[in-house]
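This report goes through one protein model, from its core and pocket to its aromatic rings and some individual residues. Please keep the sequence and the structure in view while reading.

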Amino acid sequence: MNIYVGNLSYQMTEDELRTAFETYGEVSAVRIIQDHNTGRSKGFGFVEMPNNENAKTAITGLDGKEISGRTVRVNEAKPRQ
């Protein structure tokens with residue numbers, strides 16, 4: 001399952017985000033979206049978890065929680081329209 005993670009700290013690394021989600025199960029990919037011009041984080045990213053049950057548990061467990069000083073929003077990623 002692909003998971004959207006919003007309101008990330010601009011200093012957060014992909015390794016830190018991976019660690020937060022690995023508490024709930026295997027993480028196959030992590031990507032923090034960056035501005036193409038500045039290379040700075042846009043404050044959101046995506047986490048891919050192969051096991052849907054683990055992913056749902058991670059969403060429930062992390063949505064509204066504080067990670068690196070910011071209260072994150074976590075939900076299932078929706079395909080772009």
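## Terms and basis

Helices (H or I, at least four residues) and strands (E, at least two) are DSSP runs, numbered from the N terminus. The model is predicted, so local features need pLDDT of at least 70 and side-chain atom pairs count only at pLDDT 80 or more, while totals for chains, interfaces and linings use all residues. Residues are numbered from 1 along each chain as its sequence is written, and side-chain values use heavy atoms, with hydrogens and water left out.

## Nonpolar core

A nonpolar core is a set of buried Ala, Val, Leu, Ile, Met, Phe, Trp, Tyr and Cys residues joined through side-chain atoms within 4.5 Å. Buried means under 20% relative accessible area, exposed over 50%, and partly exposed in between, with a 1.4 Å probe and protein chains only. The largest such core has 20 residues, and those with the most contacts inside it are I3, V5, L17, F21, V47, M49 and V74. At least two residues of this core come from each of β1 (2-6), α1 (14-22), β2 and α2 (52-62). The most is given by α2, with four residues. In soluble globular proteins, nonpolar side chains tend to be buried together.

What does M49 touch, not counting residues up to four places away in sequence? Contact means heavy atoms within 4.5 Å, and the partners of M49 are M1, I3, F21, Y24, G25, E26, V27, S28, N54, A55 and A58. A58 is found in helix α2 and is buried, with a relative accessible area of 0%. With residues up to four places away in sequence again not counted, A58 touches F21, Y24, M49 and D63. The C-alpha atoms of A58 and Q81 are 25 Å apart in space, and the two residues are 23 residues apart in sequence.

## Largest pocket

On a 1 Å grid over the protein atoms alone, a pocket is an open set of points where a 1.4 Å probe fits, with protein on both sides within 12 Å along at least five of seven lines; lining residues have an atom within 4 Å of a point. Grid points are joined across faces, edges and corners, and a volume is the space filled by probe spheres set on the points. About 200 Å³ of space lies in the largest pocket.

The lining of this pocket consists of R31, I33, Q34, H36, K42, F44, F46, K78 and R80. β2 (29-34) and β3 (41-48) each supply at least two of the lining residues. By class, three lining residues are nonpolar, two polar and four charged. Here Ala, Val, Leu, Ile, Met, Phe, Trp, Tyr, Cys and Pro count as nonpolar, Asp, Glu, Lys and Arg as charged, and the others, Gly among them, as polar.

## Aromatic pairs

Rings of Phe, Tyr and Trp (its six-membered ring) pair if their centres lie within 6.5 Å; planes under 30 degrees apart count as stacked, over 60 as edge-to-face and the rest as tilted. The structure holds three aromatic pairs. One of them joins Y4 and F44 and is tilted, at 6.0 Å centre to centre with 35 degrees between the planes. Y4 lies in strand β1 and F44 in strand β3, so this pair ties together parts that are 40 residues apart in sequence. F44 counts as partly exposed, at 26% relative accessibility.

The ring centres of Y4 and F46 lie 5.9 Å apart with the planes at 65 degrees, so that pair is edge-to-face. It links Y4 in strand β1 with F46 in strand β3, 42 residues apart. F46 is buried, with a relative accessible area of 19%. Y4, F44 and F46 form one aromatic cluster.

## Loop residues

L8 lies in the loop between β1 and α1 and is buried, with a relative accessible area of 1%. Leaving out residues up to four places away in sequence, L8 touches L17, I32, G43, F44, G45, R70 and V72. The C-alpha atoms of L8 and G45 are separated by 7.9 Å, although the two are 37 residues apart along the chain. S9 lies in the loop between β1 and α1 and counts as buried, at 9% relative accessibility. Beyond neighbours within four places in sequence, S9 is in contact with S41, S68 and R70.

Most residues other than glycine have a negative phi. N7, not a glycine, has a positive phi of about 65 degrees; N7 is in the loop between β1 and α1 and is partly exposed, with a relative accessible area of 24%. S68, also not a glycine, has a positive phi of about 55 degrees. S68 is found in the loop between β4 (66-67) and β5 (70-71) and is partly exposed, with a relative accessible area of 46%.
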